[in-house]
Amino acid sequence: MCGYEYEESVLLVLRLLKFLHQQNSAQAKAICDLYANANIDGLYEAIDGVVLSIFPGAFYEFDEEWESSIVVLSHPDITRFCHLSRQWTQRQGFYSSAWQGKLQDIAEYFACGVFKMNISFTGDQAVLRLWLSSDYYDPLSFGNSMVDMLLYIRQENQRLEEHLGDALYARQQNREEAA
């Protein structure tokens, strides 16, 4: 029988693969085929590939000043959150960057094994730069925390879409009543 930590690790890897499969089944299959006969160490090697596949265009850098690895991430769900948040503030009749602070708070809450973070915004695009702690970074925990973050952002996107839809419906009703 395997130990609890081994079983937990396998389940967390499977969770990452399931999320990737829902997003891009071909990439998930390619990773599964590559590591089909892997032991637990092989599963840990697969994690970085899975995380990079979940976030299109993600890459790692090295910061010599901090002697730390940096992962640079963006995702269509994060871009959607930025777009919907900007629309919501504009429909309320004002421009506010509070939604940028909210994205910062969400990322800080979910980022596991990170000691420094920077989010840069360009229009409706957000890019997260996360400095990974050499003492506390665990690829499995980090990958799953990023999946949790994306799932939370998806819920926020649904909430914003409902609010924007309600606001649009109310404006249409007011126009019809005025006519």
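At which residue does helix α3 bend, and by about how many degrees? The bend lies at Ala-46 and amounts to about 25 degrees, taken as the angle between axes fitted to the seven residues ending there and the seven starting there. The model is predicted, so local features need pLDDT of at least 70 and side-chain atom pairs count only at pLDDT 80 or more, while totals for chains, interfaces and linings use all residues. Residues are numbered from 1 along each chain as its sequence is written, and side-chain values use heavy atoms, with hydrogens and water left out.

**Helix α3**

- Helices (H or I, at least four residues) and strands (E, at least two) are DSSP runs, numbered from the N terminus.
- Helix α3 covers residues 40–54, and its end C-alpha atoms are 21 Å apart, in agreement with the 21 Å that its 15 residues should span at 1.5 Å a residue; the expected span is 1.5 Å times one less than the number of residues.
- Buried residues of α3 include Gly-42, Leu-43, Ala-46 and Ile-47, where buried means under 20% relative accessible area, exposed over 50% and partly exposed in between (1.4 Å probe, protein chains only).

**The sheet**

- Four strands form an open antiparallel sheet in the order β1-β2-β4-β3; two strands pair if DSSP finds at least two bridges between them.
- β1 (59–63) and β3 (114–122) are at the edges with a single partner strand each, so one side of each has no neighbour in the sheet.
- Five bridges join β1 to the antiparallel strand β2 (residues 68–73), and Phe-62 stands opposite Ser-69 in β2.
- The hairpin of β1 and β2 has four residues between the strands, and Glu-67 in the turn has a positive phi of about 50 degrees.
- β3 is joined by eight bridges to the antiparallel strand β4 (residues 125–132), with Val-114 opposite Leu-132 in β4.

**Aromatic pairs**

- Rings of Phe, Tyr and Trp (its six-membered ring) pair if their centres lie within 6.5 Å; planes under 30 degrees apart count as stacked, over 60 as edge-to-face and the rest as tilted.
- The count comes to five aromatic pairs.
- Phe-110 and Tyr-152 form a tilted pair, 5.6 Å centre to centre with 45 degrees between the planes.
- Phe-110 lies in helix α5 and Tyr-152 in helix α6 (residues 139–178), so the pair ties together parts 42 residues apart in sequence.
- Phe-110 is buried, at 17% relative accessible area, whereas Tyr-152 is partly exposed, at 30%.
- Ring pairs link Tyr-109, Phe-110 and Tyr-152 into a cluster.
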